[in-house]
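Visitor: I have a structure to look at with you. Could you walk me through it?

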Amino acid sequence: MRDVEIRDETIRLGQLLKLAGLVEHGAAAREVLEAGEVTVNGREEIRRGRQVAAGDVVAFGGERIRVRGPAS
């Protein structure tokens, strides 16, 4: 598992997938989400606009990332 730091309190799931380098663009994020290939905290998620926050764990393609909030 690796950590990905975000600059705000939350980020949309599609944006996080791009930030983490798990997908190249928004259309790819939509495709993998619609296919049910992404989980958030162990539960399948299909909404690209779902807000994720510090502490959430996102899994896709055999990789797991933990969201870190802005540095204090």
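Visitor: Where is the place of Asn41?

Guide: Happy to start there, with a word on the source: this is a predicted model, where local features need pLDDT of at least 70, side-chain atom pairs count only at pLDDT 80 or more, and totals for chains, interfaces and linings use all residues. Residues are numbered from 1 along each chain as its sequence is written, and side-chain values use heavy atoms, leaving out hydrogens and water. Helices (H or I, at least four residues) and strands (E, at least two) are DSSP runs, numbered from the N terminus. Asn41 sits in the loop between strand S3 (39-40) and strand S4 (43-44).

Visitor: What is the phi of Asn41?

Guide: Most residues other than glycine have a negative phi. Asn41 is not a glycine, yet its phi is positive, near 55°.

Visitor: Which residues of H2 are exposed?

Guide: Buried means under 20% relative accessible area, exposed over 50%, and partly exposed in between (1.4 Å probe, protein chains only). In H2, Gly26, Ala28, Ala29, Val32 and Leu33 are buried. Those buried residues fall within an arc of 155° seen down the axis (taken from the directions from the helix axis to the C-beta atoms), so they line one face of the helix. On the other side of H2, the exposed residues are Glu31 and Glu34.
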